[in-house]
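Trainee: Before we look at this model together, could you take me through the labels one at a time and set each value against its definition?

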Amino acid sequence: MQIITTHLNADFDAIASCMSAKKLYPEAVVVLPGSMERRVKLFFESFHPFEIKKIKEIEPDKVKTLIVVDTRSIQRIGELSQFLKKGVKVHLYDHHPRGEDDIKADFEITEQIGALASLFTEIFRKKNISITPLEATLLCLGIYEETGCLLFPSTTSRDVEAVAYLLKRGANLNIVSQFLKEELSREEIFLLNELLNSLQEHLINGVRINIGYGVQEEPQDISHIAHKVMDIIDTEALFLIIEMQDKILIIGRSNTPQVDVGMILSQFGGGGHWAAGSATLKEMPVTLLIEKLLKFIKEYIKPQRIARDLMTTPVISVQWNRTIKEVEEMMTKYGINAIPVLKGESFIGVITRGVVEKAIFHGLKNSKVIDFATTDAYTAEEDTPLWEIEKNMVELNQRFVPILKEQKVVGVITRTDILRNLYEELIRKFKISKPKEESEESRRNVANLMKEFLSEEVYEILRIAGTLAEEMELGAYLVGGTVRDLLMRRPSPDIDIVVEGDGIAFAHELAKKIDGKVTPHPRFATAKILKEIKKDGEIKRFYIDIATARTEYYESPAALPKVETSSIKKDLYRRDFTINALAVKLNTKDFGLLIDFFGGQRDIKDKKIRVLHNLSFVEDPTRAIRAIRFSEKLGFKISKHTENLIKLAVKMNIFEKLKGPRLYEELILLLRETLPHNSIKRLGDYGLLKLIHPTIEERTIYNDLAKAYETIQGIELLFLKEEYRKEFIYLMVILWNLNLAEREELLQRICTPVNIKRELIENISSAQKALQLFTPENSQEFNVKIYNLLKPLNIETIILMMIYAKEWQKKAIFNYLTRLKDIKPLITGEDLKKLGIQPGPVYRKILESILREKLQGRLLSKEEEIEFAKKIGS
């Protein structure tokens, strides 16, 4: 025998689920452990959708399967819990979260969805089980009641899709409306008024909770009154205590997952899900009940975010005895507007840019900082709830809050941080819609993208890195281009991790855990880990770059930056463009959380290259080349403002001050990663070609690079064994029409490494000489001549020749690459020894003669080579 049951106070979702289970288990009987809600009972009496048996009609020994729907709590199935015994299988269908007294099932389908009726509708749809219009209407009633007519925050897109399916199957919305939108009776209006007048608001960890109390003489369904109260007042959560003749009913409603009313009411023997729940208990003094309810609420409602989650660390600070002028210079250098003031390591106050500027205006630049610091500024601790910090910052008009631990400053929270957090809360609370690709909420988690677009090995290493960061009490982040590529759904070859703390120490510990080899660079507070993985018989090697979170400042335009330890926020701010100023947290608690301080997600969506600040190209002019590279590589447009800043930097001759290898590195990346003719043309459009050399003829170089690109595209189709660096070929094309002195000047100007400079110049010279010696000839010796001419040259030089060769020369070079270069004698010195030829210079002469014959199309087999060797070796 099979029994279908639900919770004690059956609502429409429970009854619709019982009906659905009956369709899946036709032999089963439905037994309710308690009563139906008043409206449900009225519907049942009007339409009789299925038969219900009483518990006393069931013979316990014959029960073989218990099918439980719309609850997983043992307490909520009442007397039917007697069937949870050995020999009875349990099948469970539910949409509520797990609890401590969950029924152990042999089979279960449980998903957190707005209504269980939606889940059964999906099952019918997938299994192609037909339903009648009445059954569709009952399912619709279950969904509409449980989701507040699809208005409760627990509603999902699946609930909406289920309703659409049911309407197609004949669900009658007139009946749904009739049973869900009934008018309040005189007694219910009185109860509603009593509840509203009794409401008391409690602020618990930043969440507004309202608790109301009322008395009802006759037991009846009052869930619709709870909905009315929620519609009237503005609150995150509501608990109504209704005293009846012999029991007390608690009804809970919530607008935020932070308040899980089902979990809270489970402490009173009830249950539900996070948005709605109820509990029934025996008589208890209401004052005591409210005390217990508040106790459980405080236990279950933790601050959603605390200071540690938002604060910036480490913190730039100033000692109390420094001068106002020195503080002003620090603020300008680091781009900050407030600094904590310390005495030794202890916090004693805060000074802001506004105070500093006024002090200097009044001629007080040599005064000590402590003289004008705010010594009674509001401070917080690491575990202070953010709502409390927000409240105090607004009330005290304070823009900057130091976070202290034993009087030491461990972090700061700024007004901008609070505004961003408030915005994110607003998005979550009201579910303001955003494009699907951007995510359903502001604080986006990209862990699934990481799993999809990173290899299993890399994903696992990032998981290990996050666990390690937690153990070492550090913040660890995946940063830069890897994150950008993830958001663009592209695999990325780079693994860059930034650590808030000692990056080198972190790298050593991570290397131990993943069996990698560390190369530290103490001067730059960075390290590189080499990891080898054996897969499919091959050893795969990849690198993980670890860096300490840094900030940087430039002492003069185009100078090398000065780098100092800082926070992830400052580390991202020092980067070039918003699309590269993204990070993903790796710590276990927030693994996959996307960090976007500067609108990088928006610019990726809009396909836009945008700098982070207006002095970006003044501080590092090579970013102008980088802007063009990313624009061409990603198909993004450089923003108008960013374009104007590039033109301003050119006008100010900032690039004339540029020194060091940065220009060379950027130019090589540009030539390697983009279509060279397009990118170089854009450099010319912005007036940046003079960075390379003032005498370059723009039109000629564009045409030559276009030819070079076409040539290399053709070469790639040959699948040559030799590797070549196409960026060096393009650079040689740029140098081709210059004389030797100009070539050396250009390569010196872009700071080309000495060995590469020498190689490039030699390759160009060899290519030009070879082309001059390349004369047309129809004799059979022509192949030999080509072979001897090209054999000493490397592949990059030969490809360079093809770019500038005439058509007949190209054909000859193509013949060499595809056929001649791989021709060699089939016989060896061992074969010659077997022929009785004495070892010596004659071996070389014989093999060269054989090669010469083969190049001319003769000696097609090893036997022919042996016969030929006998003749000339005798």
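Mentor: Let us begin with Arg 819, which lies in the loop between helix 33 (807-818) and helix 34 (829-834); helices here are DSSP runs of H or I with at least four residues, strands are runs of E with at least two, and both are numbered from the N terminus. This is a predicted model, in which local features need pLDDT of at least 70 and side-chain atom pairs count only at pLDDT 80 or more, while totals for chains, interfaces and linings use all residues. Residues are numbered from 1 along each chain as its sequence is written, and side-chain values use heavy atoms, with hydrogens and water left out.

Trainee: Why does Arg 819 count as partly exposed?

Mentor: Buried means under 20% relative accessible area and exposed means over 50%, with partly exposed in between (1.4 Å probe, protein chains only). Arg 819 has 39% relative accessibility, so it counts as partly exposed.

Trainee: Why is Lys 637 called exposed?

Mentor: Its relative accessible area is 65%, and therefore Lys 637 is exposed. The residue sits in strand 31 (residues 637-638).

Trainee: What makes Lys 608, Lys 637, Lys 640 and Lys 647 a patch of positive charge?

Mentor: Patches are made of residues with over 30% relative accessible area and no salt bridge, like charges being joined within 9 Å and nonpolar side chains (Val, Leu, Ile, Met, Phe, Trp, Tyr) within 5 Å. A salt bridge is a side-chain nitrogen of Lys or Arg within 4 Å of a carboxyl oxygen of Asp or Glu. Lys and Arg count as positive, and the place of a Lys charge is taken as NZ. On these terms, the four lysines Lys 608, Lys 637, Lys 640 and Lys 647 gather in a surface patch of positive charge.

Trainee: Which residues form the nonpolar patch, and how is Val 355 classed?

Mentor: Val 355, Leu 364 and Phe 372 form that patch on the surface, with about 190 Å² of accessible area together. Val 355, found in helix 13 (residues 353-361), has a relative accessible area of 32%, so it is partly exposed.

Trainee: How do you know that strand 16 and strand 17 pair?

Mentor: Two strands pair if DSSP finds at least two bridges between them, and six bridges join strand 16 (residues 338-343) to strand 17 (residues 346-352), which run antiparallel.

Terms used
Areas by Shrake-Rupley, 256 points an atom, 1.4 Å probe, with all protein chains shown as cover.
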